[in-house]
Amino acid sequence: MSYDLVVKGGTVVSASDTFVADIGVADGRVAAVGRIEEPGRKTVDARGKVVLPGGIDAHTHFDMPFMGATTIDDFTTGTTGAVFGGTTSIIDFAIQSKGRTFRHALDDWHKRAAGRCAADYGFHMIATDFTADRELEMSKMIDEGVSSFKLFMAYPGSLMSDDGAIFRALQRTKDNGGMVCMHAENGSVISVLVKQALAAGHVSPEWHALTRPMTAEAEATRRAIALAELAAAPLYIVHLSAGGALEEVRRARARGLPVFAETCPQYLYLSHDDYRRPGFEGAKFVMSPPLRPKGNEEKLWEGLGRNDLQVVSTDHCSFNMKDGGKSPGKVLGKKDFSKIPNGAPGVEYRMLLLWDAVQKGRITENRFVALTATNPAKIFGLYPRKGHLNPGADADIVVLDPNKTHTFSAKNHHVAADYNPYEGKTVKGSIRDVFVRGTAMVEGGKWTGRTTHGKFLRRTPRSFDLAL
Ligand code: URP
Ligand code: ZN
Ligand code: ZN
């Protein structure tokens with residue numbers, strides 16, 4: 001057998017095992033794992049390094065119009081940052097405009113992404129008005145490889161769906177192989193709290209968090225689970241942040257319900273205190289759900305370890321702090337916290353932030369792989385093509401140096417955002433090489449790839465073991 005690439009002697013980590021092996025790659029796929037004697041056309045020495053399946057970030061927003069702005073990372077900068085950070089596939093959210101079809105949104109997102117991605121990419125579909133026509137259109141989207149649908153219980157008047165629409169979407173996914181992804185916050189209650197805060201003259205970024213309490217997330221999570229149970233459908237909770245919401249997921253899973261949830265690094269590493277930074281700096285952390293009080297993150301870490309949470313994604317949704325440039329950013333809410341575009345960058349930092357948790361003994365290296373690659377691949381119809389390094393899988397390979405450190409900064413990241421929420425934080429571990437389908441994208445920490453290498457990922461309908 002002749003190999004295009006051999007990654008030699010690294011410590012290969014899967015969701016279940018850790019072992020020293022060589023990996024042989026042919027035609028963009030893993031061809032052999034074990035002891036490989038013959039050299040590849042390219043051979044990479046990975047001795048003393050960790051070899052991981054490329055990360056899958058199941059939650060990004062590139063080039064997305066939102067709250068009067070457009071996210072500052074487009075598919076080129078977003079996926080370039082992703083690859084530098086060890087993420088080789090992303091799933092972004094196409095947004096249906098009210099009154100228009102999913103088809104229209106999907107065509108639009110294909111135009112935004114095609115020929116502009118370094119990483120492989122797929123799409124979820126956000127439903128903003130879930131009419132009977134959209135209900136029927138769901139299966140067409142699944143045929144197009146878009147097998148998951150995000151609905152919002154927050155943002156009344158723009159994105160929010162009522163319980164009836166959510167229930168209908170869930171009923172459909174019971175049989176059509178789709179998956180409903182839920183933004184679970186009680187938007188009606190939040191809207192009252194926001195109005196009351198503004199009327200009382202509270203305009204600073206911290207009030208974004210004070211008007212989106214943890215109970216509003218727990219209540220919506222409980223309701224979403226109840227609706228899914230009524231519809232006998234599976235459910236995936238996105239960007240879960242609050243301990244109370246996690247408790248709802250834990251209870252549902254303990255009852256055997258097919259409920260899954262992701263959290264994001266910001267809820268593990270940042271906290272409500274970041275809203276109290278001087279001046280307008282708290283706006284950097286305005287996202288929904290908001291950062292939670294210190295101590296809450298411990299519940300999330302426990303949930304990650306106990307499989308109450310199955311995925312860590314980023315919800316990368318970047319807006320600049322400085323004014324000017326291609327889109328207005330956080331300054332839109334300088335005088336009114338409710339107008340600050342919600343979201344923050346994350347796609348480039350996720351793998352190293354979580355690897356740091358491995359180094360600190362919070363999670364095992366196998367759990368790291370499950371959370372960052374294998375589980376998102378299974379839940380979102382990319383497995384067995386992605387999410388592991390067994391023969392036959394796409395050769396999305398990350399070589400990580402566990403002995404080097406990395407310091408996060410806007411000065412050295414590759415996404416377009418003009419700030420880094422983790423500015424100055426040093427972690428143990430550094431991404432050395434990244435391969436997407438066997439093609440070198442990053443070597444020795446330097447870019448050697450093409451920003452057009454990424455291919456559209458046509459995802460399969462739900463087929464994973466719901467006992468995941
Ligand atoms: O603040 C956030 N999360 N912005 C992106 C939109 C969403 O709800 O995921
Ligand atoms: Zn959301
Ligand atoms: Zn999001």
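Mentor: Buried means under 20% relative accessible area, exposed over 50%, and partly exposed in between (1.4 Å probe, protein chains only). The model is predicted, with local features needing pLDDT of at least 70 and side-chain atom pairs pLDDT 80 or more, while totals for chains, interfaces and linings use all residues. Residues are numbered from 1 along each chain as written, chains are lettered from A and ligands numbered from 1 in written order, and side-chain values use heavy atoms, without hydrogens or water.

The whole structure contains 41 salt bridges (a Lys or Arg side-chain nitrogen within 4 Å of an Asp or Glu carboxyl oxygen). One of them joins R134 to E137, with N to O at 2.8 Å. Both residues belong to helix α3 (residues 132-143) and are three residues apart, so about one helical turn separates them; helices are DSSP runs of H or I, at least four residues, numbered from the N terminus. R134 is buried at 10% relative accessible area, and E137 is likewise buried at 8%.

A second example pairs K294 with D273, at 3.2 Å from N to O. This bridge links distant parts of the chain, 21 residues apart, with both K294 and D273 in the loop between α9 (265-269) and α10 (296-305). K294 is exposed, with 62% relative accessibility, whereas D273 is partly exposed at 37%.

R277 and E281 form a further salt bridge, their closest N and O atoms lying 3.0 Å apart. Here R277 is partly exposed at 30% relative accessibility, as is E281 at 23%.

Finally, salt bridges also connect into a network, which links R29, D120, R385, K386, D394, D396 and R437.

Notes
Helix = DSSP H or I, 4+ residues; strand = E, 2+ residues; numbered from the N terminus.
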